[in-house]
Amino acid sequence: MKVNRVKCMYCGGCVGVCPQNAMELKDTILSIDPVKCNNCGLCFKFCPAGALVREDGK
Ligand code: SF4
Ligand code: SF4
């Protein structure tokens with residue numbers, strides 16, 4: 001999972017949704033730990049801004 005930093009509104013909602021605790025929001029930078037992320041897609045479904053981009057093409 002990757003974040004589109006132009007679309008992201010820094011709402012932080014996805015951080016709470018992630019079951020892997022892979023996301024961290026610091027000021028206006030959302031980062032996703034690629035080691036922790038298992039591409040479950042929950043944040044992708046949740047994001048109201050469409051700012052999360054799947055890397056597995058699903
Ligand atoms: S839910 Fe979407 S808009 Fe909100 S912080 Fe996450 S990526 Fe950004
Ligand atoms: S795809 Fe799943 S594990 Fe990866 S950052 Fe999103 S919610 Fe977390």
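User: How do the residues of the shell around ligand 1 divide into nonpolar, polar and charged?

Analyst: This is a predicted model, where local features need pLDDT of at least 70, side-chain atom pairs count only at pLDDT 80 or more, and totals for chains, interfaces and linings use all residues. Residues are numbered from 1 along each chain as its sequence is written, while chains are lettered from A and ligands numbered from 1 in the order in which they are written. Ala, Val, Leu, Ile, Met, Phe, Trp, Tyr, Cys and Pro count as nonpolar, Asp, Glu, Lys and Arg as charged, and the others, Gly among them, as polar. The shell around ligand 1 holds 13 nonpolar, two polar and no charged.

User: Which residues are the closest to ligand 2?

Analyst: A residue is near a molecule if its C-beta atom, placed from the backbone, lies within 6 Å of it. Ligand 2 is surrounded by 14 residues. The closest are Cys18, Gln20, Cys37, Cys40 and Cys43.

User: What pattern does the protein follow along the sequence?

Analyst: Helices (H or I, at least four residues) and strands (E, at least two) are DSSP runs, numbered from the N terminus. The protein has two helices and four strands. Their order is β-α-β-β-α-β.

User: What percentage of the 58 residues of the protein count as buried?

Analyst: A buried residue has 20 or more other C-beta atoms within 10 Å of its own, these atoms being placed from the backbone. The C-alpha atoms fill a box of roughly 25 × 20 × 15 Å along the principal axes. Of the 58 residues, the buried share is 19%.

How values were computed: Buried ≥ 20, exposed ≤ 12 C-beta atoms within 10 Å, placed from the backbone.
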